[in-house]
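Dear colleague,

Please find below the structure that I am handing over to you. My notes on it follow directly after.

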Amino acid sequence: MSVNIKLEFLGGLDVIFNSERYHKVTVPSTNASTPLILRDLIKYIVDNMIKDPKDIEVFIENDTIRPGILTLINDTDWELEGEEEYVLESGDVISFTSTLHGG
Amino acid sequence: MTITTPSPYGQSQAETKPKLSQLCEHCHSRKAQIKRPKNLQKICKECFYEVFETEIHNTITNANLFHPGEKVAVGASGGKDSTVLAYIMKLLNERYNYGLEIVLLSIDEGIIGYRDDSLATVKRNQVQYDLPLEIVSYRDLYDWTMDEIVACAGIRNSCTYCGVFRRQALDRGAMKLGISHVVTGHNADDMAETVLMNLLRGDVARLEKSTAIMTESKGSPVKRSKPFKYSYQKEIVLYAHYKKLDYFSTECSYAPEAFRGTARELMKNLEAIRPSCILDIIHSGENLVLKPKKQRTQFRKNAKAGSKVPTEMEVRSDGSVSLTSAGFVDGNTCEKCGYLSSNKICKACMLLEGLEANRAKLRLEGDQSFVGAAKLTRTLENLSF
Ligand code: SF4
Ligand SMILES: [Zn+2]
Ligand SMILES: [Zn+2]
């Protein structure tokens, strides 16, 4: 089952997403028997939404969200939701906020 | 910490009733939404507001930062830290009756595409928070914008120029308003980063001072302080996010020095493994007491020429500049601009002289660069009223 997710790229991160802060995406399921998790969403973002390959390192480091980017799942710290293992549900709002940009 | 009374609605919201393990460790009634980096405590939004605000209040009172009736300027850049600072200062001032008169003070460095947009944010904050705003521009003070300086002197030293000019601009702005205390949004991450940088560079003299919450230097009539000294960047950003504060987050067109960037990267990676390390580094810095140094004789030798010209100037993250440690004579002022200075002319005037000379040279060489052109038209504008 695919899921519909609202994405937010904040704190200056929008620069690598066509300067657009808010996006709605449908993440297609890869395998009918396993539910989609946040790791799948991150892969989807990297594969489909970051146009310039040089920008990937702004978002990803060592295969995960770069330290210094705050990830919230429905306004809750992703550290409390299992991080990449979080099972996505349609309607979820996932926000990524850079804490590294501009002082 | 006192425990807040659980919300009366806490139980009735059956549809999203959190599991016990998901409950806030502070009020035990609402769902935890934040994991605090400093102690890994899981707390809800409401408790987060409370602890975040209270801790800053405690920092302020423990350090005796303010006195009733004091006029305080918030150095406001439109960025997340200073936006949250302006909001919190107003909030705490009202909640705890500090009796402060708060003003927003912004510096316009003249960087198109960056500062013009961020100043628009500050102007919105002025309305949102109902605080007076004063903007001081490099162009008015020095007759140079950062864009012109970079075109003339290159991008490599942009932050050096910018830092020297900003320090003086903040002082002048504050003095114009009759204010002798500027608070800035420097947070725990910034401070740990600075400690780390000074350590890595072997800058022992600055290492000792880098954790001071308030700096009063003889070279400046205005003191600076950092109420966010113990506040994590992560929590400041979360606070801004939850409270929907309006801040600006574009990087300066002239990227900050590479070394700081690398130190920041290192800090973030350390924090990911051990979040408390930010406060731990500050703690280490605070407890560092240096051996009294005995290099007087050497300094004298350099100084005997009469006017000591510092060979090197370094700019800290807050825009302040290192003054040659010894030999500052109280009451000395710059011959050119009247600003406090241990030397005959102040650092800003020295840099300005260099810029003027450079521009003259460019003109002589027939370089019709836009700097020359822009400056020339401006001079003409001024002439023709
Ligand atoms: S990054 Fe450098 S040039 Fe840009 S505003 Fe900061 S100090 Fe000035
Ligand atoms: Zn709570
Ligand atoms: Zn001067």
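How many helices and strands are there in chain B? Chain B contains 14 helices and eight strands. Please bear in mind throughout that this is a predicted model. Of the 385 residues of chain B, 49% count as buried. Among contacts in chain B with a separation of 6 or more, 72% are between residues 24 or more positions apart.

The sheet of chain A

Chain A holds an open sheet of five strands, in the order 2-1-7-5-6 and with mixed pairing. Its edge strands are strand 2 (22-27) and strand 6 (76-77) of chain A, each of which pairs on one side only.

Strand 1 of chain A runs antiparallel to strand 2 of chain A, and six bridges join the two. Within strand 2 of chain A, Thr26(A) is the residue opposite Asn4(A). With strand 7 of chain A, strand 1 of chain A pairs in the parallel sense over five bridges; here Phe9(A) stands opposite Phe96(A) of strand 7. Because six of its eight residues are buried, strand 1 of chain A is largely enclosed by the rest of the structure.

Strand 5 (residues 69-73) of chain A is joined to strand 7 (residues 93-98) of chain A by five bridges in the antiparallel sense. Leu72(A) has Ser95(A) of strand 7 of chain A as its bridge partner. Strand 5 of chain A also pairs with strand 6 of chain A, again in the antiparallel sense, over two bridges, and Ile73(A) has Thr76(A) of strand 6 as its bridge partner. Strands 5 and 6 of chain A form a hairpin with two residues between them. In the turn of that hairpin, Asn74(A) has a positive phi of about 45°.

Are the residues of strand 5 of chain A buried or exposed? Five of its five residues are buried, and the strand is mostly covered. Ile69(A), Thr71(A) and Ile73(A) point one way from the strand, while Leu70(A) and Leu72(A) point the other way; all are buried.

Helices across the sheet

Which strands of chain A does helix 1 (residues 38-48) of chain A lie across? Helix 1 of chain A lies across strand 1 (3-10), strand 2, strand 5 and strand 7 of chain A, and runs at about 115° to strand 2. A helix from the other chain also lies across strands of chain A: helix 9 (residues 233-242) of chain B covers strand 1, strand 5, strand 6 and strand 7 of chain A in this way, running at about 45° to strand 5 of chain A.

A helix pair in chain B

Helix 1 (residues 45-62) and helix 2 (residues 80-95) of chain B pack at an angle of about 75°, with their axes 11 Å apart. Helix 1 of chain B is therefore roughly perpendicular to helix 2 of chain B. On the side of helix 1 of chain B, the contact is made by Phe52(B), Glu53(B), Ile56(B), His57(B) and Ile60(B). Helix 2 of chain B contributes Val84(B), Ile88(B), Met89(B), Leu91(B), Leu92(B) and Arg95(B). By class, this contact has eight nonpolar, one polar and two charged residues.

Leu104(B) belongs to strand 4 (residues 101-108) of chain B. With a relative accessibility of 1%, Leu104(B) counts as buried. Leaving out residues up to four places away in sequence, Leu104(B) touches several residues, including Val74(B), Ala76(B), Ala86(B), Val122(B), Asn125(B) and Leu133(B). The C-alpha atoms of Leu104(B) and Leu133(B) are separated by 4.6 Å, although the two residues are 29 apart along the chain.

Asn125(B) is placed in helix 3 (residues 115-129) of chain B. Why does Asn125(B) count as buried? Asn125(B) counts as buried because its relative accessibility is 4%, and buried means under 20%. A polar atom of the Asn125(B) side chain lies 3.3 Å from the backbone oxygen of Asp246(B). Neighbours within four places in sequence aside, Asn125(B) is in contact with Thr83(B), Leu104(B), Asp130(B) and Asp246(B).

Yours sincerely

Definitions and conventions: Residues are numbered from 1 along each chain as its sequence is written. Chains are lettered from A and ligands numbered from 1 in the order in which they are written. This is a predicted model: local features need pLDDT of at least 70, side-chain atom pairs count only at pLDDT 80 or more; totals for chains, interfaces and linings use all residues. Side-chain values use heavy atoms; hydrogens and water are left out. Axes are lines fitted to C-alpha atoms, for helices over the stretch in contact, and angles run from 0 to 180 degrees between N-to-C directions. Helices (H or I, at least four residues) and strands (E, at least two) are DSSP runs, numbered from the N terminus. Angles under 35 degrees count as roughly parallel, over 145 as roughly antiparallel, 65 to 115 as roughly perpendicular and the rest as oblique. Contact means heavy atoms within 4.5 Å. Ala, Val, Leu, Ile, Met, Phe, Trp, Tyr, Cys and Pro count as nonpolar, Asp, Glu, Lys and Arg as charged, and the others, Gly among them, as polar. Two strands pair if DSSP finds at least two bridges between them. Buried means under 20% relative accessible area, exposed over 50%, partly exposed in between (1.4 Å probe, protein chains only). A polar contact is a pair of N or O atoms within 3.5 Å; within protein, one must be able to donate a hydrogen and the other to accept it, and residues adjacent in sequence count only if both atoms are side-chain atoms.
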